[in-house]
Amino acid sequence: MSGQYALQRRIHEGHPLMIQSGSLSNRSEDRLGAYREGQLWAVDQGVITAELDAGSWVIPARRIGWIPPGVAHAARVHPATTGWMIHLRPDQGPLFPTVPTVFEMTDLSRSLLVRMAGWHTERAELAPEQDRMLQVLFDELKISPATPLFLPMPSSPHLVGMTLTIVADPSNKLTLDDWARRVGMSKRGLTRHFRLETGMSLVQWRIVARMKRAVELLAQGENVGRVALTLGYDSVSTFISAFSAQLGQTPGAYAV
């Protein structure tokens, strides 16, 4: 993937890492780009939406997203988002996942991030106690449940058109039979190709698309009832049940 994009640097002069804490609202990147450094996006409040070559995911509050070195991405930081962004020299996290991952933010990982935000990182290497703390953070993330809201995109043009239509209007109620007729495939063929290209059924994909949009709308201040209506749910209770099943919390936990 990195071959498609010129690798850029975020850390200069060989420093081990760079940390930004507090408001992250000025950290949006509109264009896909790849960086030599790995990146941790820890969201305390608000939402970050990441666009990748293979799809997109949303990182809501109390989650930590990991972008490995060389993985092309763009980021949209929603207003009033706070937390921590850490750019890591590649050798600082050699055993960390090689694919983008979203972890839960535990009390321990949050406490470590608060401590790390006060570091002076002008030195060429981390102090021994800093290195130990960073490794503890990595270990805590590795055992934290991964909770991605990743929306993979298919590669076939006709399926891409279908998914873009659903993303643009998550309340769309066209059935599998309807979509099969629209894209000129049999229902069985559509089901098989969609799973091969995304790893998900169309039903599962639409649920994730709705939940991803729900998190974004809640972070923008929309109330739960309006979000349920926007996403095409027949009742607020049905939306709350679907949301809770997907994210393990009610929509109220994400409302601002």
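Buried means under 20% relative accessible area, exposed means over 50%, and partly exposed lies in between, using a 1.4 Å probe and protein chains only. Keep that scale at hand for the tour.

This is a predicted model: local features need pLDDT of at least 70, side-chain atom pairs count only at pLDDT 80 or more, and totals for chains, interfaces and linings use all residues. Residues are numbered from 1 along each chain as its sequence is written, and side-chain values use heavy atoms, with hydrogens and water left out.

**Stop 1: Asp177**

Select Asp177. It lies in helix α4. Helices here are DSSP runs of H or I with at least four residues, strands are runs of E with at least two, and both are numbered from the N terminus. Is Asp177 buried, exposed or partly exposed? Its relative accessibility is 36%, so Asp177 counts as partly exposed. Asp177 and Arg27 are 150 residues apart in sequence and 42 Å apart in space, C-alpha to C-alpha.

**Stop 2: Asn172**

Go to the loop between α3 and α4 (176-183), where Asn172 is found. Asn172 is buried, with a relative accessible area of 12%. Show its neighbours, leaving out residues up to four places away in sequence: Asn172 touches Thr165, Trp179, Arg206 and Arg210. Contact means heavy atoms within 4.5 Å.

**Stop 3: helix α3**

Select α3, residues 157-168. The expected span is 1.5 Å times one less than the number of residues. Colour the buried residues of α3: Leu159, Met162, Thr163 and Ile166. Look down the axis of α3: these buried residues fall within an arc of 90 degrees, so they line one face of the helix. The arc is that of the directions from the helix axis to the C-beta atoms. What do the buried residues of α3 pack against? They pack against α4, α5 (187-198) and α6.

**Stop 4: helix α8**

Select residues 236-247, which form α8. Phe239, Phe243 and Leu247 are buried in α8. They cover an arc of only 40 degrees around the axis, which puts them on the same side of α8. Ser241 and Ala245, on the other side of α8, are exposed. The cover over the buried residues of α8 includes β7 (63-67), β11 (149-152), α6 and α7 (224-230). Step on to Gly248, which follows α8 and has a positive phi, near 80 degrees.

**Stop 5: the largest pocket**

A pocket is an open set of points on a 1 Å grid over the protein atoms alone, with protein on both sides within 12 Å along at least five of seven lines; lining residues have an atom within 4 Å of a point. The largest pocket holds about 190 Å³ of space. A volume is the space filled by probe spheres set on the points, which are joined across faces, edges and corners. Select some of the lining, including Glu51, Ser56, Met153, Lys212 and Arg213. Which element gives the most to this lining? α6 does, with 4 residues.

Note on methods: 1 Å grid on protein atoms, 1.4 Å probe; cavity = no way out; pocket = protein on both sides within 12 Å on 5 of 7 lines; lining within 4 Å.
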